[in-house]
Amino acid sequence: MSSENYKAVKRTLWLIMAANIAVAAAKLALGCIAGSRSVFADGVHSLADSFSNILGLIGIRMSEKPGDRKHPYGHGKFEIIASMFIGIMLSGMALKIIAGAAAGLRNPPPLDFDMRKTAVMTATVLVNSFVAIFEYRCGKRLGSRILVTDSLHTRGDVMVSCAVLAGLAAIGAGAPHSVDSAVSLCVAVFVLFSGIKIIKDCTDVLADSAAVDSEWIAETVKSVDGVIDVHRIRSRGDSSKIFMDLHIIVSPDMRVDRAHELSHELEKMLKARFGEATEVAVHIEPDDGRHKSGGRQLG
């Protein structure tokens, strides 16, 4: 990611954090005033979004440092580590909410909800909807995993808030107050699964799982003139930056300058597909007669 993109990501995170703090404060206050566990749980979820923005800013600050002798591949994984902490934090908060919801199911607390409080909840849903769309689009445009990941939390927050509103509407229509704790439990389970998914995705990147489809790469590379075959395709990283290396088989009669030119063609082609930040290492090997030609051989 370029330095300009890093700056844009940080500006976006500051704006999103301000919105998340305002939404979280409104929900937490409303949950305490009305005595609603589900609204309070939703507020905790929104507060977690604010914490995730802070962790994202820390991760971006560390990951934007250029590569050095100790970190020749750069510091980009600090953003992934920050995302993993977000997942762990969400999972921990979800477990705490589940415990409170279980207690509420046994002894439902009284609720004090009216149209004004419902209007506040509706306003937070609208704010979160705008935030989720804005952050996701910025994340895709800037190639930032932290923004895309965080936008998915906020999108989930919108669905959770809608579920809370539905539960409050049911109570207003005469349903028992235990519905509030039941909705709170559903919110917590949703948050827990969100946290687990984030942890899994981040673990895949940190464990250097394949970042691209090797079969697609093989078919595409073999269609290039001069490439007889390709093997040992490896990739790692994430959508913001992919590291890839592959071995191509060429005619033993191919000139060195042509082989060098061919490797640059492949690098340019793969960067056009996966982004300019992609780093590609192409290893040239002469054909020993055991490979079937993929493209038209050039000398």
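The model is predicted, and local features need pLDDT of at least 70, side-chain atom pairs count only at pLDDT 80 or more, and totals for chains, interfaces and linings use all residues. Residues are numbered from 1 along each chain as its sequence is written, and side-chain values use heavy atoms, with hydrogens and water left out.

The protein has 8 helices and 3 strands. Helices (H or I, at least four residues) and strands (E, at least two) are DSSP runs, numbered from the N terminus. From the N terminus on, the order of elements is α-α-α-α-α-α-α-β-β-α-β. Of the 299 residues, 45% are buried (under 20% relative accessible area, with exposed over 50% and partly exposed in between; 1.4 Å probe, protein chains only). Contact means heavy atoms within 4.5 Å. Among contacts between residues at least 6 apart in sequence, 75% join residues at least 24 apart.

Two strands pair if DSSP finds at least two bridges between them. Axes are lines fitted to C-alpha atoms, for helices over the stretch in contact, and angles run from 0 to 180 degrees between N-to-C directions. β1 and β2 (residues 241–250) run antiparallel and are joined by 8 bridges. In this pair, S235 has M244 of β2 as its bridge partner.

The axes of α7 and α8 come within 11 Å and cross at roughly 135 degrees. The two helices are therefore oblique to each other (angles under 35 degrees count as roughly parallel, over 145 as roughly antiparallel, 65 to 115 as roughly perpendicular and the rest as oblique). From α7, the contact is made by W216, I217, T220 and V221; from α8, by L266, M269, L270, R273 and F274. These residues divide into 7 nonpolar, 1 polar and 1 charged (Ala, Val, Leu, Ile, Met, Phe, Trp, Tyr, Cys and Pro count as nonpolar, Asp, Glu, Lys and Arg as charged, and the others, Gly among them, as polar).
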